[in-house]
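Please keep the sequence and the 3D view open while reading.

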Amino acid sequence: MSVGIEVHFGVAKIGKYATRESGDTLEMIERPHGGLSIVLADGQRSGKSAKRISNVVVRKAVQLLAEGVRDGAVARAAHDYLYAYRGGKVSSTLNILSVDTRTRTIVVSRNNPAPVIVRTAVDGIYLLDEPSKGMGTNVNVKPVIQELPLQAGTTVVAFTDGLTHAGTIGGDGPLDPLDITRQLLDSGQSDPQHIADTLVMQAIELDKGRPRDDISVVVITVWPLFGDEVRRLSGRLPL
C-alpha cells in the first residue's frame, strides 16, 4: 500500500532598502488538473517600474496556468507578451514551481540565471544551474525545465538574484544559499518557512540591515502524510 505525501511551502520576501514597493511579484494558482503552481518574477531594476514589469509577467503566466497550459508553453508565452508589450526594452526573470498531481512530479521552469536548489532522498543536495536567460529583450528565449519525482524527502528552493547579491558591496558576501540550505537540512531543519526566513534574514544581515536589492525566496518540501487531509494556507503581510 502506497504511503500518502503532503506538500509544504514557505515564502519570504523583502524589498530593496528605502524603496516603497518590491520589484518582485509572487502568485500562486491551483492547477485545473490538480496541484498548484507558484510563479515568481523579478522585474528589471527596482521599485514601481520593476513591479509593473513583474506584474505583467506573472499575470500572463497565472492566466495561462489556470487554463491548463503546460509550464514550458506558459513561460514562452509570458516572454512573448513582455517582448511585444514593451518592445524588447525591458527584462524580467521568471520561475515557475509546479506541483503536478496528475504526473506526480514537481516541474521547475527557469528563465533566470540564478540556480534552483534541490535535495532529494536519493541524490542528496545539488543545483539546477543549467545556463538560463531572463525574458523580454531577446526574440528567442526558452525556459530551462526539469521534472522531479513527487516523493517524500524532496526540497526545492528558488530565489531572485537579490539573495546572491547580498553583502557583495561593503559586506561579507556573497551569500551562499546552497551552503546555508545544506546546513539547515543536515541539522534537521526541514520546515520550508524556516528555510526561507533564514535565507532572507542572513541576506539582510550581510547587507547591514539595508537590502541593496529586492529579495524573494520560495521553498517547497514534500513530507509523508501526517494527520488529516485538510488543505491549509497562511501568510503574513507587514504594511
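Which residue just after α1 takes a positive phi? Gly68 does, with a phi of about 90°. Note that this is a predicted model.

**Helix α1**
- Helix α1 covers residues 47–66, 20 residues in total.
- From first C-alpha to last, α1 reaches 28 Å. That is close to the 28 Å expected at 1.5 Å a residue.

**Salt bridges: the network around Arg31**
- The whole structure contains 5 salt bridges by search.
- Salt bridges link Arg31, Asp71 and Asp100 in a network.
- Asp71 and Arg31 pair through their side chains, at 3.0 Å from N to O. This pair links distant parts of the chain, 40 residues apart. Asp71 sits in helix α2 (residues 71–85). Arg31 sits in the loop between β2 (24–30) and β3 (35–43).
- Arg31 also forms a salt bridge with Asp100, at 3.4 Å from N to O. Asp100 belongs to strand β4 (residues 92–100) and Arg31 to the β2–β3 loop, so this bridge ties together parts 69 residues apart in sequence.
- Is Arg31 buried or exposed? Arg31 has 14% relative accessibility, so it counts as buried, the cut-off being under 20%.
- Asp71 is buried as well.
- Asp100 has a relative accessible area of 7%, and therefore is buried.

- Arg182 and Asp179 form another of the salt bridges, with the closest N and O atoms 4.0 Å apart.
- Both residues lie in helix α4 (residues 177–186). They are 3 residues apart, about one turn of the helix.
- Arg182 is partly exposed, with a relative accessible area of 29%. Asp179 is partly exposed too, at 31%.

**Contacts of Asp100**
- Which residues does Asp100 touch, leaving out those up to four places away in sequence? They are Arg31, Gly34, Thr105 and Leu150.

**Aromatic ring and charge**
- The search of the whole structure finds 1 aromatic pair. Tyr81 and Tyr85 form it.
- The two rings are stacked: 5.9 Å centre to centre, with 5° between the planes.
- Tyr81 and Tyr85 are 4 residues apart in helix α2, so about one helical turn separates them.
- Tyr81 is partly exposed, at a relative accessible area of 36%.
- Lys60 lies over the face of Tyr81, 4.5 Å from the ring centre.

**Ala203 in helix α5**
- Ala203 is part of helix α5 (residues 192–206).
- Why does Ala203 count as buried? Its relative accessibility is 0%, and buried means under 20%.
- Ala203 touches Leu163, Ala166, Leu175 and Ile215, not counting residues up to four places away in sequence.
- Ala203 and Asp80 are 123 residues apart along the chain. Their C-alpha atoms are separated by 33 Å.

Terms used: Residues are numbered from 1 along each chain as its sequence is written. This is a predicted model: local features need pLDDT of at least 70, side-chain atom pairs count only at pLDDT 80 or more; totals for chains, interfaces and linings use all residues. Side-chain values use heavy atoms; hydrogens and water are left out. Helices (H or I, at least four residues) and strands (E, at least two) are DSSP runs, numbered from the N terminus. Buried means under 20% relative accessible area, exposed over 50%, partly exposed in between (1.4 Å probe, protein chains only). The expected span of a helix is 1.5 Å times one less than its number of residues. Contact means heavy atoms within 4.5 Å. Rings of Phe, Tyr and Trp (its six-membered ring) pair if their centres lie within 6.5 Å; planes under 30 degrees apart count as stacked, over 60 as edge-to-face and the rest as tilted. A charge sits over a ring if NZ of Lys or CZ of Arg is within 6 Å of the ring centre and within 35 degrees of the ring normal.
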